[in-house]
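Here's a quick walk through one chain, from its overall layout down to a single side chain. Keep the viewer open as you read.

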Amino acid sequence: MIAKYLDLIDKKNFKNLYLFLFLTLISIFFEFISISLVPLFVSILVDPQNNQLLNIPYFEIFSGFEKYYSKNNILFFASLLIAGFVIKNLITLFTIVYEANIHSKLKRAVMRNLYKKYLYMPYENIKKYNVSTILRNIEPEVTKLFQSFFSILKFIKDFTLFILLLFLL
């Protein structure tokens with residue numbers, strides 16, 4: 001169903017859609033990083049001197065912070081964790097706002113293109129349908145199309161994050 005409407009989306013909106021997908025990937029990456037900071041912070045709180053977490057290959061990037069593992073510098077790691085979550089939430093907020101903007105633009109563009117197709121349709125074809133039914137059905141059908149499209153994108157995003165978190169474990 002979605003493939004039928006792809007020809008109604010112009011190149012400019014395709015570029016915006018690709019940018020949205022890129023922002024979604026960046027959002028997934030920062031979500032993964034911020035969640036992976038939590039076990040590191042907890043392990044430093046529990047036992048700052050004997051930290052076995054740095055032996056795990058995914059956390060090797062944090063091995064340079066060994067000199068900060070004293071209780072006096074726990075604030076540094078708390079700040080690192082909070083900063084990670086703030087950055088992740090800002091990127092997620094920007095992605096959500098951009099998604100709403102894209103959703104609105106794509107919906108208007110597809111509706112406009114559908115209206116144009118109906119306007120320039122031969123009169124013989126228009127006579128087969130009730131014009132009021134055509135006009136009444138365009139808006140709800142386009143709305144359903146984009147709701148399902150963005151729901152699929154959200155599912156893919158959540159599934160990717162789930163797979164990354166399983167990979168972390």
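Read from one end of the sequence to the other, the chain goes α-α-α-α-α. That's five helices and zero strands, where helices are DSSP runs of H or I with at least four residues, strands are runs of E with at least two, and numbering starts at the N terminus. This is a predicted model, so local features need pLDDT of at least 70 and side-chain atom pairs count only at pLDDT 80 or more, while totals for chains, interfaces and linings use all residues. Residues are numbered from 1 along each chain as its sequence is written, and side-chain values use heavy atoms, with hydrogens and water left out.

Of the chain's 169 residues, 33% count as buried (under 20% relative accessible area with a 1.4 Å probe, protein chains only; exposed is over 50%, partly exposed in between). Take the contacts (heavy atoms within 4.5 Å) between residues at least 6 apart in sequence: 74% of them join residues at least 24 apart.

Now for the cores. A nonpolar core is a set of buried Ala, Val, Leu, Ile, Met, Phe, Trp, Tyr and Cys residues joined through side-chain atoms within 4.5 Å. The largest one has 18 residues, and Leu 106, Val 142, Phe 146 and Phe 150 have the most contacts inside it. Helices H2, H3 and H5 each supply at least two residues of this core, with H5 giving the largest share, eight residues. A second, separate core has eight residues, among them Leu 37, Leu 40, Ile 44 and Ala 78.

| Helix | Residues |
|---|---|
| H2 | 11–46 |
| H3 | 74–119 |
| H5 | 131–168 |

How do H2 and H3 cross? Their axes come within 9 Å and cross at roughly 160 degrees (axes are lines fitted to C-alpha atoms over the stretch in contact, and angles run from 0 to 180 degrees between N-to-C directions). That makes H2 roughly antiparallel to H3, the term for angles over 145 degrees. By class, their contact has 25 nonpolar, eight polar and four charged residues.

Finally, zoom in on Phe 150, which sits in H5. Is Phe 150 buried or exposed? Phe 150 is buried, with a relative accessible area of 5%. Leaving aside residues up to four places away in sequence, Phe 150 touches Phe 20, Glu 99, Ile 102, His 103 and Leu 106. Glu 99 is 51 residues from Phe 150 in sequence, yet their C-alpha atoms are 8.7 Å apart in space.

Definitions and conventions. Parallel < 35°, antiparallel > 145°, perpendicular 65-115°, else oblique. Nonpolar A, V, L, I, M, F, W, Y, C, P; charged D, E, K, R; others polar.
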